[in-house]
Amino acid sequence: MKFENLKIRKESINLYYEISWIVEQNKNIRNFFKDQILRATLSISNNIAEGFERDTDKELKRFLYISRWSCWEVRSMLHIALKKKYINNNEFEQYYDKTKHISIMIYKYIKTLKTT
């Protein structure tokens, strides 16, 4: 199996495109905030890919945890985006739920790996 075929990676890439579209449309978002939320969102899929290409399940697990932490970072930033009115309540709920879903998928994948 290739990392490109993993459902969690595909969903995290979709999340990146959706969030990037939202922040690119909103001219009020500060560049530093835009850069940070996009880096954190992209980090989810990049760490899945990097971990998948490692030699051991232990290394893969490490990168999956990093990917999961990036989901939490994005969720935190979504709270700020809502408070700053960069996004509306519907967008917040939509993307918050997606990050929770991806985080759960990553966690379940971690649990399938051998403990070493």
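**Close-up 1. Helices α2 and α3 cross with left-handed geometry.** In this predicted model, helix α2 spans residues 31–52 and packs against α3 at an angle of about 160°. Their axes lie 8 Å apart. An angle over 145 degrees counts as roughly antiparallel, and α2 and α3 are therefore roughly antiparallel to each other. Sorted by class, the contact of α2 with α3 comprises 16 nonpolar, 7 polar and 2 charged residues.

**Close-up 2. Helix α3 packs against helix α4.** Helix α3 covers residues 57–83, and its axis is 9 Å from that of α4. The angle between α3 and α4 is about 165°, which makes α3 roughly antiparallel to α4. The crossing of this pair, α3 and α4, is left-handed. The residues of the contact of α3 with α4 fall into 16 nonpolar, 5 polar and 4 charged.

**Close-up 3. Helices α1 and α4 approach each other with their axes within 10 Å.** Helix α1 is formed by residues 7–25 and helix α4 by residues 89–112. The two axes cross at roughly 160°, and α1 and α4 are therefore roughly antiparallel to each other. The crossing of α1 and α4 is left-handed. On the α1 side, the contact is made by Lys-7, Ile-8, Glu-11, Ser-12, Leu-15, Glu-18, Ile-19 and Ile-22. On the α4 side, the contributing residues are Glu-91, Gln-94, Tyr-95, Lys-98, Thr-99, His-101, Ile-102, Met-105, Ile-106 and Tyr-109. By class, the residues of the contact of α1 with α4 comprise 9 nonpolar, 4 polar and 5 charged.

**Close-up 4. The charged end of Arg-62 sits over the ring of Phe-63.** The charged end of Arg-62 is 4.8 Å from the centre of the Phe-63 ring. For pairs of aromatic rings, whose centres must lie within 6.5 Å, the count comes to 4.

**Close-up 5. The charged end of Arg-75 sits over the ring of Tyr-96.** The distance from the charged end of Arg-75 to the centre of the Tyr-96 ring is 5.3 Å.

Methods
Residues are numbered from 1 along each chain as its sequence is written. This is a predicted model: local features need pLDDT of at least 70, side-chain atom pairs count only at pLDDT 80 or more; totals for chains, interfaces and linings use all residues. Side-chain values use heavy atoms; hydrogens and water are left out. Axes are lines fitted to C-alpha atoms, for helices over the stretch in contact, and angles run from 0 to 180 degrees between N-to-C directions. Helices (H or I, at least four residues) and strands (E, at least two) are DSSP runs, numbered from the N terminus. Angles under 35 degrees count as roughly parallel, over 145 as roughly antiparallel, 65 to 115 as roughly perpendicular and the rest as oblique. A crossing is left-handed if the near helix is turned anticlockwise from the far one by less than a right angle, and right-handed if clockwise. Contact means heavy atoms within 4.5 Å. Ala, Val, Leu, Ile, Met, Phe, Trp, Tyr, Cys and Pro count as nonpolar, Asp, Glu, Lys and Arg as charged, and the others, Gly among them, as polar. Rings of Phe, Tyr and Trp (its six-membered ring) pair if their centres lie within 6.5 Å; planes under 30 degrees apart count as stacked, over 60 as edge-to-face and the rest as tilted. A charge sits over a ring if NZ of Lys or CZ of Arg is within 6 Å of the ring centre and within 35 degrees of the ring normal.
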